[in-house]
Amino acid sequence: MQKGNKWKVTALLLAAALILPAASPVSAGAKKKLVLNRKKVTLTVGKSCVLKVKGTKKKVRWSTSKKKVAVVSKKGKVTAKKQGTAKITAKVKGWKPALVCKVAVKKKSGSERPQGPANDMPSQAPVGTPAGNGGEPVNTPNGTETLKPVQSAGPSQGPVGSTPPVPSDQPGADMTEKPPAPTQTPSQVPIVDADPVPDEFFQILQPEYETGTPECPEFSADSGVYGKAFMLGMKSQPGTKIYYTTDGSIPTAENGTLYTDALVVADRNGMPNVLTAAANIKKMYISGSGYDYVPQADEVAKCTVIRAAAVSPDQKVSDVVTRSFFIGNDVKKKYAGATIASLVIDPSDLLDAETGIHVLGNKYTEWSKTPEAQKIIRGRQYWDYEGNYTQSGRDWERLAFMDYLDADSEALEFSVPVGIRVRGGASRMYGQKGFNLYLREEYGQKNLKYPLIPGDLDTEGNQIKKYKSFMLRNGGNDTEYSKIRDVFTQSMVGDRGYSVQAARPCVLFINGEYWGLYNLTEKYSDNSIENKYGVDKDNVIIFKEDEMDEGQDGDEVLYQELLSYAEKDFTDDAVYEAFCGMMDIDSFADYYATEIYIANKDWNPEKNYMLWRARTPDETNPYADGKWRYMLYDTEYAMGMYNNWDTLADYDSFSGAVSQDALFAAVIKNKSFQQKFLTAIKEIGSKNFAPEACEKKLKEYETAYKPLMDDFYTRFFGKDTWNRSQFDNAVNAIKEFVGKRYRYIIPYVENGLK
């Protein structure tokens, strides 16, 4: 190792299930408003931390709500005085509201680890081992001596060995952090054959630190798939220090572990769960709902995530570098035909009771006290529960970092900062929730230039290679069964007169832990319309479920004009001609024919429909003609789903559409449209959903998805679960539906048109 031999090899130690003070993730190029470097902090009596307001050079006025608990200096240094809680407030002239950090002060503990340099760590433990920085030696199963961790009263990751907080007994309640008893360290992994850190890596090439924000640290290895344990080196500008975390949290001098020597990155599979530990499952899911399974350590595949930042002598912090390392996962075999996404996010952004997007949280606590909620809770109507995870909009978007790999080639395709939100309707109650992902300039990258979804083509048949947003869709109503219903349906009707969403299977890891199989899916937006149809995104109007999804003030008038035709007499051909002037009539006929043919129970005039148009016509583009066109999505509650009577092949969904949808009921009275609609639904049944074509496509999906579903069933329901039989049942239900549907629905339509 030459120069590398001067370094003592130490272990990268993973703290078990660390729930960190809320902090805003930082990515390269991110532009911020005023924020505190800490929103929550836990201190032991006598200890201190420094709060800073980022984004301003103006004078900050500091104050404390309880001087007996914690005091704060003019420079933001907080000192813990007495057990209790206090709020530290920072006021900046011209900025509202004030910034607040919640401080929890704990008594000194006899077992508290003395505060010393962070390089007191024991060496040779693999990445992911939740060892402490002190404690008594214990014998591990392979006979090696390691350390039994001690509890830490300070913030997670520094000192190493902190343990997960235990929530209160009530789901969604304000979770009080209480460290449980520490666990025994797993046995170490021999690394005698690990590749050394490249000698040239230790040549310090960065300039000496002078002033300003330091440069990001550099890693000796990039995110990716590795065949064995290896040594990982980091370096930063001379004069700065590197702090790192391994649980997804944002590293700082107060929050991270000081990097001193090369680290061991090793296979973490079988090691204790962190994000999926029992305490966190209790926060995330409704107790007793069947969606709150606590997986065993060997039921959650793992990778290693490391985040690092450089800190200058004057406490300026660089942008954060994030890496994901897969060792021992056999991705080529296990995830064949899929891609892999590793999302890394500050745990507080998922789990915090006030701001976490993946928990019941305080929103549930508030809602559960209402009379309406009590009725829903008594009836166990889990799909109607409210919590943090049911919130939507930009306020519930959190910054994360995504590494994206191809399983077959084991290649890292791209790394990108993204905003994430929980998505979906009733499917938000499931253990595996779906996510929307957004590229934003303020996060460091305004769009993704990559052929993300093969088969996602524009109107000229070219592969789309630019994305502003996309989805990791859990499968909706089909989440726990096969995940292929919506993907299959949309794949069969790509030639019809409406938009469809392309998709591909993607295996997700969050903070280094397996989160199941998803459908990486195109997300409809003004940008997706521009990419697919060539219509300027600023000229695009989209309405979703009777609300404007994209557009500007005044566009509602155009939509209301369209809806007004529900009150007109379509037996008058002049009315029909006028309607055709604002609606792409082929799109209208194809869209309604498809939803009716598949017997989509989860579709009506108020649910799961979208349509778009160009605001101002452009004669050079046939899709910018100012006419409304439909967008197909969420089609899985159909084709025999749940074996519901109104999703079966013999159900008269045509009459249902006429009775529920006033616009369709009006237009179908026109004789010309009746013929167009009848032709469309017959083509959809005889060509798009021809049984032989469907069986061929279903076989392709079965081959691709069924092996990938096995780990999903285990992660969310355990090794012994009835769900494993559901994939075949779902495929058989679809086959039965398409085999019978045509001979039932066509007579229903023909009789209804008489």
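Look at helix α7, residues 526-533: 6 of its 8 residues are buried, so the helix is largely enclosed by the rest of the structure. Keep in mind that this is a predicted model.

Which residues of α7 are buried? They are Asp526, Asn527, Ser528, Ile529, Lys532 and Tyr533. Buried here means under 20% relative accessible area.

Next, what covers them? The cover for the buried residues of α7 includes several strands: β30 (513-522), β31 (540-544), β32 (547-550), β33 (610-614) and β34 (629-631).

Now the chain as a whole. The protein chain has 15 helices and 34 strands. It runs to 754 residues, and 56% of these count as buried. On contacts, take pairs of residues at least 6 apart in sequence: 70% of those contacts in the protein chain join residues at least 24 apart.

One feature on the surface is a patch of positive charge, where Lys59, Arg61, Lys74 and Lys91 gather. Take lysine 91 from that group. Lysine 91 sits in strand β9, which covers residues 84-92. Is lysine 91 buried, exposed or partly exposed? Its relative accessible area is 49%, so lysine 91 counts as partly exposed. The cut-off for exposed is over 50%.

Note on methods: Residues are numbered from 1 along each chain as its sequence is written. This is a predicted model: local features need pLDDT of at least 70, side-chain atom pairs count only at pLDDT 80 or more; totals for chains, interfaces and linings use all residues. Side-chain values use heavy atoms; hydrogens and water are left out. Patches are made of residues with over 30% relative accessible area and no salt bridge: like charges are joined within 9 Å, nonpolar side chains (Val, Leu, Ile, Met, Phe, Trp, Tyr) within 5 Å. Accessible areas come from the Shrake-Rupley method with a 1.4 Å probe; for residues, only the protein chains shown count as cover. A salt bridge is a side-chain nitrogen of Lys or Arg within 4 Å of a carboxyl oxygen of Asp or Glu. Lys and Arg count as positive and Asp and Glu as negative; His and the chain ends are not counted. The place of a charge is taken as NZ of Lys, CZ of Arg, CG of Asp or CD of Glu. Helices (H or I, at least four residues) and strands (E, at least two) are DSSP runs, numbered from the N terminus. Buried means under 20% relative accessible area, exposed over 50%, partly exposed in between (1.4 Å probe, protein chains only). Contact means heavy atoms within 4.5 Å.
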